[in-house]
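The following exercises examine a structure step by step.

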Amino acid sequence: MSATALAYFTEVPKPVKLLVSLFTIFLCLIAFFGTVKVSQATINGFVTGSYLGLGAMGLTLIMGVMKLVNLAYGDFLVAGAYFTLTFTALGTPLPLSVLLATLGTALLSILAEKLVWLPLRSAGASALQCFLSAIGLSFLIRFAIQFFGGSESRSFDIDVLSTMVLGPFRVGTQQALGFVMALTVFSMLAIGLWISGAMKTMRAVSDNRLLAEVCGIGVGHTIDLTSLLSGLLAGAAGIVYATAVGSFNPNFGLTLLLSLFAAATLGGIGNIYGAMLGGLVIGLSQEWSALLLGAKWKPLVALVFLVLMLLAVPRGIFARAQRRP
């Protein structure tokens, strides 16, 4: 490659490089496995990416605004699924149960902020102390769910065998519902943040908390809003996962956690739109890799992505440009 071509390639935006890479991989897979098989895996990848993207959006908000590596976040997804299970068991219709469960997870997130993270920040706790506290909170939530909900696999009262036939492709009805729900939540959140201007205050607090406070931005209010939104997103992601996969147990949040961190890192910490795209990329990569390696190696793909991102582009593909002093 000549120096001119190399310089031109270097100036190409990272998202464009990623898009070209994905399209190239897609074409190569088609050459080996055929159009139908790869297209079906791509559809599955978008479904997987939908709940990974929602979860990564909440996680990246916590890491960006609160500067917290919250290892308990995966268990908030589990709480969302089990809240739904509880409300449906009480006779509440499923759509209303989903709404109540999402709000319940948001309430749980706010309780964690008021009872755990706020006291730790007020006491000047270090990052390591917060990290260890997150592990403790993770165990507390998981064992509480196991105590009340049992450790066996559970499922919602929906027809998991129903499928929609689209030409040569088959899509599970519950998977399609989960994907539509994820898109709806993402669209509502994006529009809400754009109209309210809340994203600007979150970015200000994320960039410099002290300066934001001096400028009159309510830092405490912004952190409360972040906790609320991250809880809503975690609840929605957990419900979409449980709907799309069909069965779940109290440990699925731990299984998804690595993929959520990979998606959030890929999208750039603090960038919710990047996190959604990062989730889709991780979802596609996992489903495509199943063609080559088998389904049991999907978590390994997320780990490889996370390591490569931290080594090559630690700020993520969709990270905002750093401001010059």
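A crossing is left-handed if the near helix is turned anticlockwise from the far one by less than a right angle, and right-handed if clockwise. The model is predicted: local features need pLDDT of at least 70, side-chain atom pairs count only at pLDDT 80 or more, and totals for chains, interfaces and linings use all residues. Residues are numbered from 1 along each chain as its sequence is written, and side-chain values use heavy atoms, with hydrogens and water left out.

**Exercise 1. Describe how helix H3 packs against helix H10.**

Step 1. Locate the elements. Helices (H or I, at least four residues) and strands (E, at least two) are DSSP runs, numbered from the N terminus. H3 covers residues 35-65, and H10 covers residues 219-245.

Step 2. Read the geometry. The axes of H3 and H10 are 8 Å apart, and the packing angle is about 160 degrees. H3 is therefore roughly antiparallel to H10. Axes are lines fitted to C-alpha atoms, for helices over the stretch in contact, and angles run from 0 to 180 degrees between N-to-C directions. Angles under 35 degrees count as roughly parallel, over 145 as roughly antiparallel, 65 to 115 as roughly perpendicular and the rest as oblique.

Step 3. Assign the hand. H3 and H10 cross in a left-handed manner.

Step 4. Identify the contacts, meaning heavy atoms within 4.5 Å. The H3 side includes Ser50, Gly55 and Gly58, and the H10 side includes Thr226, Ser230 and Ala237.

**Exercise 2. Determine whether H4 is parallel or antiparallel to H6.**

Step 1. H4 spans residues 73-89 and H6 spans residues 127-149; their axes come within 9 Å and cross at roughly 20 degrees. This angle makes H4 roughly parallel to H6.

Step 2. The crossing of H4 and H6 is left-handed.

Step 3. Asp75, Phe76, Val78, Ala79 and Tyr82 supply the H4 side of the contact, while residues in H6 that meet them include Leu137, Arg142 and Gly149.

**Exercise 3. Characterise the surroundings of threonine 105.**

Step 1. Threonine 105 belongs to helix H5, residues 94-122.

Step 2. Its relative accessible area is 0%, so threonine 105 is buried. Buried means under 20% relative accessible area, exposed over 50%, partly exposed in between (1.4 Å probe, protein chains only).

Step 3. A polar atom of the threonine 105 side chain lies 2.8 Å from the backbone oxygen of alanine 101.

Step 4. Not counting residues up to four places away in sequence, threonine 105 touches Phe76, Ala79, Gly80, Phe83, Gly231, Ala234 and Gly235.

**Exercise 4. Which residues does serine 97 contact beyond its neighbours within four places in sequence?**

Step 1. Serine 97 is also placed in H5, and a relative accessible area of 0% makes serine 97 buried.

Step 2. With those neighbours set aside, serine 97 is in contact with Thr84, Phe87, Thr88 and Thr92.

Step 3. One of these residues, threonine 88, has its backbone nitrogen 3.5 Å from a polar atom of the serine 97 side chain.

**Exercise 5. Is serine 230 buried or exposed?**

Step 1. Serine 230 lies in H10. Because its relative accessibility is 1%, serine 230 counts as buried.

Step 2. Not counting residues up to four places away in sequence, serine 230 touches Gly58, Ile62, Tyr73 and Ser109.

**Exercise 6. Examine two loop residues, asparagine 251 and lysine 67.**

Step 1. Asparagine 251 sits in the loop between H10 and helix H11 (252-267). With 34% relative accessibility, asparagine 251 counts as partly exposed.

Step 2. Valine 78 is 173 residues from asparagine 251 along the chain, yet their C-alpha atoms are separated by 7.6 Å. Leaving aside neighbours within four places in sequence, asparagine 251 is in contact with Arg142 and Gln146.

Step 3. Lysine 67 occupies the loop between H3 and H4. Its relative accessible area of 54% makes lysine 67 exposed.

Step 4. The phi angle of lysine 67 is near 55 degrees, a positive value in a residue other than glycine.

**Exercise 7. Where does glycine 279 lie, and which residues does glycine 279 touch?**

Step 1. Glycine 279 is in helix H12, residues 272-293, and is buried at a relative accessible area of 0%.

Step 2. Not counting residues up to four places away in sequence, glycine 279 touches Gly49, Leu52, Gly53 and Ala263.

Technical notes. Polar contact = N/O pair within 3.5 Å; in protein donor to acceptor, adjacent residues only side chain to side chain.
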